Amino acid sequence: MMHLAIVAAAKQFPISRRAIISTQENVRLKGHIVESLNSPSLTSCSHSCLRNSWRSSTNFKKPSKENDQGTCELNQHGFLENMGLSTSLILEGCDTTCCLNGGSCVLDKNKQTFQCSCKAPWTGERCLNAPLSCKDIRDSWDSIGDGEYWIDPENSCKLVKVFCDMTTEGGGWLLVANFVTDGSTSFTRWTLNSSYRSISNFSSNKMGITTKAVRDLRSHLNFTQLRFHCSKKQGRTFHVATVANSSGEAVVQYFSGQTNVVPASCGSFQKMHGDNSKLAAQCESWGYENRYYVGKWGLVL
């Protein structure tokens, strides 16, 4: 048995096809002959097969005279002993230009087929699939714990580098704001970015996006919860997450710029691990309007 690596251009597609050609002498593939043509060599006959999208097999009979044409049959599988013929099986393969995003076309020796070997985070037959979110990585992909990942929120092959929390309450949390201050800089002096893709600047310690950017992000990911974590080196920690009810959804819509109605605080969140704040225990004292606490998220003027 002989194996050849052959690349041939397909007439109907501006791409190349790669395949393994398994050849046996004095054996004929018996089946419906799709096409019969003259061909100068076994290699040329195999190229003729590769130029057709249906990827079948060939029978080749050498020419009886020198510099003459042999007979090339493109057909289906099935064996029949027949002296004087060479049979080639066109093994399934991937296109050399089909493995995208840095993927490479490699031979699976066990299956005797070509397939794409993809670079992280890409997967799929053509290396086109990437995780949409941190939750997607947690649910369907290999998680390596808290840290940097690449996601494709728009499913458009435009990846964005993000930080994923893969440990808190089951993991799958996407960091969309990260502010660290020593007290010398006011939060109001930091500029929020209008593009959600700026969440890739998570390591800057002054990363945040506008409510419009959060809304754009939600249109792609349709997240249902927000989590807030604020702590001091020596002091209390405020750590809460919105709950899965109408009150929690109102908070998500507010911070996503989907409504201007300031949501009620009580009943909209749950305390998370490590929270020891007075604020989480006194939701009725949130918000301030006309000299009264009104029990709402944020400062109401």
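I began with the link of Cys45 and Cys72, which is right-handed, with 75° about the S-S bond. I then placed its ends and found that the pair links distant parts of the chain, with Cys45 in helix 1 (residues 42–50) and Cys72 in strand 5 (residues 70–75), 27 residues apart. For these elements I rely on DSSP runs numbered from the N terminus, where helices are H or I of at least four residues and strands are E of at least two.

Before going on, I note that this is a predicted model, in which local features need pLDDT of at least 70 and side-chain atom pairs count only at pLDDT 80 or more, while totals for chains, interfaces and linings use all residues. I number residues from 1 along each chain as its sequence is written, and I take side-chain values from heavy atoms, with hydrogens and water left out.

**The chain as a whole**

I looked up the make-up of the protein chain and found 4 helices and 18 strands. Of its 301 residues, 38% are buried, where I take buried as under 20% relative accessible area, exposed as over 50% and partly exposed as in between, with a 1.4 Å probe and protein chains only. I also checked the contacts with a separation of 6 or more, and 53% of them come from residues 24 or more positions apart, a contact being heavy atoms within 4.5 Å. The protein chain exposes about 17700 Å², of which carbon and sulfur atoms supply 49%; such areas come from the Shrake-Rupley method with a 1.4 Å probe, and for residues only the protein chains shown count as cover.

**Disulfides**

I counted as a disulfide any pair of cysteine sulfur atoms within 2.5 Å, and the count comes to 4 disulfides. A disulfide is a covalent bond between the sulfur atoms of two cysteines.

How far apart are the sulfur atoms of Cys45 and Cys72? They are 2.0 Å apart. I count Cys45 as buried because its relative accessibility is 0%, and Cys72 is likewise buried because its relative accessible area is 0%.

Next I took Cys118 and Cys127, which form a disulfide with their sulfur atoms 2.1 Å apart. Their link is left-handed, with -85° about the S-S bond. Cys118 counts as partly exposed because its relative accessibility is 26%, whereas Cys127 counts as buried at 0%.

A disulfide also joins Cys266 to Cys283, with 2.0 Å from S to S, and this link is right-handed, with 100° about the S-S bond. Cys266 lies in the loop between helix 4 (246–255) and strand 16 (269–271), and Cys283 in the loop between strand 16 and strand 17 (288–289), so the pair ties together parts that are 17 residues apart in sequence. Cys266 is partly exposed at 35% relative accessibility, and Cys283 is buried because its relative accessible area is 15%.

I also looked up Cys157, which is partly exposed because its relative accessible area is 37%, and Cys230, which is partly exposed at 48%.

**Helix 3**

Which residues of helix 3 (residues 211–221) are buried? I found Ala213, Val214, Leu217 and Arg218. They cover an arc of only 140° around the axis, so they sit on the same side of helix 3; the arc is that of the directions from the helix axis to the C-beta atoms. What covers these buried residues includes strand 11 (173–174) and helix 4. After helix 3 comes Asn222, whose phi is positive, near 50°.

I then traced an open sheet of 3 strands, which has the order 14-15-16 and antiparallel pairing. Strand 14 (227–231) and strand 16 are its edge strands, each pairing on one side only. The twist averages 20° from one strand to the next, with axes as lines fitted to C-alpha atoms (for helices over the stretch in contact) and angles running from 0 to 180 degrees between N-to-C directions. Strand 14 pairs with strand 15 (residues 237–242) in the antiparallel sense over 5 bridges, given that two strands pair if DSSP finds at least two bridges between them. The bridge partner of Ser231 in strand 15 is Thr237.

**Lys62**

Last, I located Lys62 in the loop between strand 4 (57–61) and strand 5. Is Lys62 buried or exposed? Lys62 is exposed because its relative accessible area is 57%. The C-alpha atoms of Lys62 and Ser39 are separated by 8.9 Å, and these residues are 23 residues apart along the chain.
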